[in-house]
Each structure stands twice: as structure tokens, then as C-alpha cells.
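Subject: Structure handover

Hello,

Please find the structure below. My notes on what turned up follow it.

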Amino acid sequence: MIEAIGVIGGGQLGRMLTLVAKRMGYHVVVLDPQEHSPCGQVADEQIVAAYDDRAAIEELGRRSQIVTYEFENIDIGSVEHLERCGYRVTPSSAVLRATQDRLLEKSFVRECGIATTAFAAISSRGDIEAAAECTGFPAIVKTVHGGYDGKGQWRVDSVAGVHGAFEEARGAVLIAEREVEFSCELSVVASRGGDGSVVAFPVAENAHDRGILVRTIAPARIEPTLASQAQEMASAIGRRLGIVGTYCVELFLTHGGELLVNEIAPRPHNSGHFTIDTTPCSQYEQHVRAICGLPLSPPRMFCGAVMMNILGDGTGNHLMGTEALLGDPSIVLHVYGKRHAVARRKMGHFTMLVDAPIDDAILTRAAAAHAKLSWR
Ligand code: AMP
């Protein structure tokens, strides 16, 4: 019987997960190195420790009946350690291993019979020529481990550029990818239960700025057949991974109408925030249900949504303009409780609820609403 949930990682995803878990009556313990983390502020307890502090991780295991994580760049050794000690961790270390490493991840997607962009590994200078041959230019070079929100990535258009990225990465193993000319970026947030059942939310359409998600439109403005295809791909990936919990599959839609999988996140995702305000059972509740052995809920959207991320800009820590923003009754505001609004840090988001098909006029309204916000 699960009464307490342990969460590794105290960011906004953990916070939104915890808010749901609390509503459902669970006790939540979070582990994060920062005191008063966004998740720690709403959890019952926070263990302040590094992700690789084995004694603290064991303490998290002792204080909960199930441990999960809100962020995949955690120490895999800690998750394996918890499993060896007999604590339950979901998703498992095997899932984490397959999704933490961009090379393993893309190879796994190919093994599922699903397309990705052309890619090649670069672990030494000697691999660069062959990798460039495989991808052509322009290419995107990424660190295999640890990159997120556009960090650890270089766009290159020559072999010399790849050498430059290799020097900058200081010996880290790299993946080179052919740059995809996409008509849009999509994601599918899905959840798989311990009984093997999978539910997928409507496909989301995402806009990024220098690698950071800035806007999500849901449902995506694509043909229904393509949307079903994307959902089927995500479901197949979840089944083959054997994941238990909420996860996200990010894809490119090429100009030729082909879907290419870019990434798998084994956790709730920024592009699934819209599910909080537009569905009866959000991505976070599906995650709680999955890891606690409760039935999943078939996704159903009450209305469409435009989700806009609110990023810090380094000019101040107080969010101004919320009064003007909330003058629009279709807007729901979420603020994460981070003290320092460092440039490009995710500080909050808002969801604009939309009853009509999402067109340019609605996107202009969302952008104008976003422009009312500033930092002081
Ligand atoms: P990632 O960390 O792989 O999610 O990449 C962050 C963002 O960079 C993506 O959402 C895309 O906007 C862009 N990007 C990454 N890889 C590629 C690629 N192979 N081709 C085109 N754009 C890419």
C-alpha cells in the first residue's frame, strides 16, 4: 500500500506532480540539493542533499514506498543503488539508462522501427570525418549525456565546425545529427500503467527559442492521420521501453510529411503543462496513478490551449504585469516559486484556454498577453 511518494529533483515538474499527489492524499518527500526548492515548498518533507549522496538517497527510499524522479539528468548510480537496496523506483534504472544517453535513445527508437534523423557517434577526433559524411551539413552536434534546454549543443556547417565543438566539449562523447528542416515540432505526452495499458494525450505543437520551449499549442494543427500516427509511435515506444509512468516523445514533422523522433523524456514534460487546465486527469495525475498502481484515465480535453512559458531575463526577481495578464479570463497562471529569475530560466507559465480552432489571431492574443509580463 503506497502512502508516501519520494521524488528525486525539486524543480517545477516535481512541484506540479506534488500538488496533484497531495490532492490525492499522498505524503510527498523530495530530495534536492537546494533548500526551499519549487517542489520542496509544497512537499511534506525535503531532504537537502546531492543527487549522488547515497545515504540521502537511501533515506528517501526509507521514507517512501515508491520513488520517482522529475528530471532525467540525475545520477543513474543512485537509482541503481536504490533498486539494489530493495526500494521500488519508477521508472526503472533501465528506462533511465536508455533515455539519458542520446546515442542509446536514438538507436532504441530505430529498433522500434521508428525513424530518426541521420546520426553518428563522435568519441574521438578520428570519428569526425565519418560522422560528417553520415549527417552532411548543417548538422547539430550534442553532448550524449547531460544536455537540456539547448545546453551542450552546437549548430555546425563544416568539418572545422565539428572539430570546434569537439574541442569545446573537452572530451565528452558527442552525437552528430543531420539538421532536420521541419515544418513543425511536435510532442506526445503519454502514460503507461503497471498493467501495460497506455494512454496518450492529444499531440502538442511546440515552438522553441535557442533550444528552450517557449510555446505549446494543443491540439497540434496537423492532419488527424498524422496525429494518430504520432500517438501510436509514442505508445509503441512506451510499451517497448516497459516504462511505468508519464513520459514524452518529441518529434519533428518534416516538410515531406515524415515524423522523426528526436527525444524521449521518461517523466512529465513542459509541453504537457496544458493538461493541468484542459483535462480531468493531467499528465501529473496520470503519473501518480501509474506509479501507485491506480487505473489511468483516458485523456479528454475540455478545450484547446496555448501554453506560454515565462522565462527569467536577469533584470529582476519580481514578476510584474500579472494583474493585466489576468484581466483575460481565459488565462490560468502558474508560477514556480523560484527566487532568482536568471536569464532564460523557466519561472512559470500561463495557459490560455481556447474554445475555437487555434488560429493566428489567438496566437497574437497569447503573445500580447505574454508581452504584459516583465521582471523588476
Ligand atoms: P533537444 O535537446 O534534442 O531536444 O534539442 C532542442 C531543440 O533544438 C529542438 O527542440 C529543436 O528545436 C532543435 N534541434 C535539436 N536537434 C535538431 C535536429 N537534428 N534538427 C533540427 N533541429 C534540432
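Helices and strands here are DSSP runs, numbered from the N terminus; a helix needs at least four residues and a strand at least two. Note that this is a predicted model.

**Domains**

The protein is divided into three parts: domain 1 (4-89), domain 2 (118-178) and domain 3 (182-375). The centres of domain 1 and domain 2, taken over C-alpha atoms, are 33 Å apart.

**Cavity**

The count comes to one cavity of 30 Å³ or more. Strand 1 (4-8), helix 1 and helix 10 each supply at least two residues of its lining. Helix 1 gives the most, with three residues. The lining consists of Ile5, Val7, Leu17, Thr18, Ala21, Val28, Val288 and Ile291. By class, that is seven nonpolar residues, one polar and no charged.

**Second largest pocket**

This pocket has a volume of about 220 Å³. It is lined by 16 residues, and the closest to its centre are Met16, Leu19, Val20, Ile276 and His334. Where does the lining come from? Helix 1 (12-23), helix 9 (274-278), helix 10 (283-291) and strand 17 (331-335) each supply at least two residues. Helix 1 gives the most to this pocket, with five residues. The lining divides into nine nonpolar, four polar and three charged residues. Which domains does the pocket lie between? Domain 1 and domain 3 both give residues to the lining, so the pocket lies between those two.

**Helix 8**

Helix 8 covers residues 224-241, 18 residues in total. From first C-alpha to last it reaches 26 Å, close to the 26 Å expected at 1.5 Å a residue. Which of its residues are buried? With buried meaning under 20% relative accessible area, they are Leu226, Ala227, Ala230, Met233, Ala234, Ser235, Ile237, Gly238 and Leu241. An α-helix has 3.6 residues a turn, so residues three or four places apart point the same way. Keep that in mind when reading the buried list.

The cover over these buried residues includes helix 4 (93-100) and helix 5 (102-111). Among the strands that cover them are strand 9 (182-192), strand 10 (198-200), strand 13 (245-254) and strand 14 (259-265). Just after helix 8, Gly242 takes a positive phi of about 70°.

**Backbone points to check**

Most residues other than glycine have a negative phi, and most peptide bonds are trans. Here are the exceptions I noted.

- Thr90 and Pro91 are joined by a cis peptide bond, with omega about -5°. Pro91 sits in the loop between helix 3 (76-84) and helix 4.
- Phe137 and Pro138 are also joined by a cis peptide bond, with omega about 0°. Pro138 sits in the loop between helix 6 (128-135) and strand 6 (139-143).
- His36 is not a glycine, yet has a positive phi of about 50°. Its place is the loop between strand 2 (27-32) and strand 3 (45-48).
- Arg344 is not a glycine either, and its phi is positive at about 70°. Arg344 is found in the loop between strand 17 and strand 18 (346-354).

Is Arg344 buried, partly exposed or exposed? Arg344 has 25% relative accessibility, so it counts as partly exposed.

Best regards

Definitions and conventions: Residues are numbered from 1 along each chain as its sequence is written. This is a predicted model: local features need pLDDT of at least 70, side-chain atom pairs count only at pLDDT 80 or more; totals for chains, interfaces and linings use all residues. Side-chain values use heavy atoms; hydrogens and water are left out. The expected span of a helix is 1.5 Å times one less than its number of residues. Buried means under 20% relative accessible area, exposed over 50%, partly exposed in between (1.4 Å probe, protein chains only). Contact means heavy atoms within 4.5 Å. On a 1 Å grid over the protein atoms alone, a cavity is a set of points where a 1.4 Å probe fits but cannot get out, and a pocket is an open set with protein on both sides within 12 Å along at least five of seven lines; lining residues have an atom within 4 Å of a point. Grid points are joined across faces, edges and corners, and a volume is the space filled by probe spheres set on the points. Ala, Val, Leu, Ile, Met, Phe, Trp, Tyr, Cys and Pro count as nonpolar, Asp, Glu, Lys and Arg as charged, and the others, Gly among them, as polar. Domain bounds come from an automatic or database domain assignment.
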